[in-house]
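Trainee: Hi! Could you walk me through this structure?
Mentor: Happy to. Have a look at it here, and then ask away.

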Amino acid sequence: MTARRLAAPLAAALVVAVGGVAACVHGVARPFAIAGPSMQPTLFEGDRVVVDLWTYGGRAPRRGELVLVELADGRSLVKRIASDEIPGEHFGESLFEVLGDNAAASDDSRRFGPVPRERIRGRVVLRYWPPSRAGAIR
C-alpha cells in the first residue's frame, strides 16, 4: 500500500481516537478492548471500541444493541442485548438477556443468567482499532 493510500485511513483513525479520548475525559464515553472470540464475527480479540455511557440514562437498552456489561464478579464483557426488558423478582428490577455472537465461545446469559439493567454500563458505538475496520457499530 502506498504512503498516500495509507495516510487517509490513519488520519481518520487518529481523529476518531482523539475524539474518543476527549469524550472519555468528559465522562460521556470510555474505551474498551475486546478480549476473546465471543463476539465474532462482529468484533475480534484486540479490537478497540468506544462505549457511550449516556444513552441508557435516558432509555432502556434495545434488542440487538451491543453493550458493555459489568458482572458481579468484576468482569467487564461486551455482549448483544437478546431480549426486551424482563421484570425481575424485586419491585422495579429490570433484567436483560445478553448473548455473544459466537455461541460456541461465549460466556453469557446462557451461563450466568439475565443481568440487571444497572450492570449494563453503556452502548458500544464505534470501533477505532484496527484502522482497517474502524467505524460505527451497527
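Mentor: Let's begin with two terms. Helices (H or I, at least four residues) and strands (E, at least two) are DSSP runs, numbered from the N terminus. Two strands pair if DSSP finds at least two bridges between them.

Mentor: This is a predicted model, in which local features need pLDDT of at least 70, side-chain atom pairs count only at pLDDT 80 or more, and totals for chains, interfaces and linings use all residues. Residues are numbered from 1 along each chain as its sequence is written, and side-chain values use heavy atoms, with hydrogens and water left out.

Trainee: Got it. How many helices and strands are in the chain?
Mentor: The chain has three helices and ten strands. Starting at the N terminus, the order is α-β-β-α-β-β-β-β-β-α-β-β-β.

Trainee: Which strand does E2 join, and how do they run?
Mentor: Strand E2 (residues 48-52) is joined to strand E9 (residues 120-129) by five bridges, and the two run antiparallel. Val49, for instance, has Arg127 in E9 as its bridge partner.

Trainee: And how does E3 pair with E9?
Mentor: Strand E3 (residues 66-70) pairs with E9 in the antiparallel sense, over three bridges. There, Val69 has Ile120 as its bridge partner in E9.

Trainee: What about E9 and E10?
Mentor: E9 pairs with strand E10 (residues 135-136) over two bridges, again in the antiparallel sense. These two strands form a hairpin, with five residues between them. Arg127 turns up here too: its bridge partner in E10 is Gly135.

Trainee: Where do side chains point in a regular strand?
Mentor: In a regular strand they alternate between the two faces of the sheet.

Trainee: New topic: how many salt bridges are there?
Mentor: Searching the whole structure gives twelve salt bridges. The term means a side-chain nitrogen of Lys or Arg within 4 Å of a carboxyl oxygen of Asp or Glu.

Trainee: Which residue does Arg63 form a salt bridge with?
Mentor: Arg63 forms one with Asp84, and their closest N and O atoms are 3.1 Å apart. This pair links distant parts of the chain, 21 residues apart: Arg63 is in the loop between helix H2 (55-58) and E3, while Asp84 is in the loop between strand E4 (76-81) and strand E5 (86-87).

Trainee: Is Arg63 buried or exposed?
Mentor: Arg63 is exposed, at 53% relative accessible area, while Asp84 is partly exposed at 47%. Buried means under 20% relative accessible area, exposed over 50%, and partly exposed in between (1.4 Å probe, protein chains only).

Trainee: And Glu65, buried or exposed?
Mentor: Glu65 is buried, with a relative accessible area of 14%. Glu65 forms a salt bridge with Arg59, where the closest N and O atoms are 2.6 Å apart.

Trainee: What does Asp107 meet in a salt bridge?
Mentor: The side chain of Asp107 meets that of Arg75 (2.6 Å, N to O). Again distant parts of the chain are linked, 32 residues apart: Asp107 sits in the loop between strand E7 (98-99) and helix H3 (109-112), Arg75 in the loop between E3 and E4. Asp107 is buried at 18%, and Arg75 is partly exposed at 33%. Salt bridges that share partners join Asp73, Arg75, Asp107 and Arg111 into one network.

Trainee: Last one: how much of the chain is buried?
Mentor: Buried residues are 38% of the chain's 138 residues.
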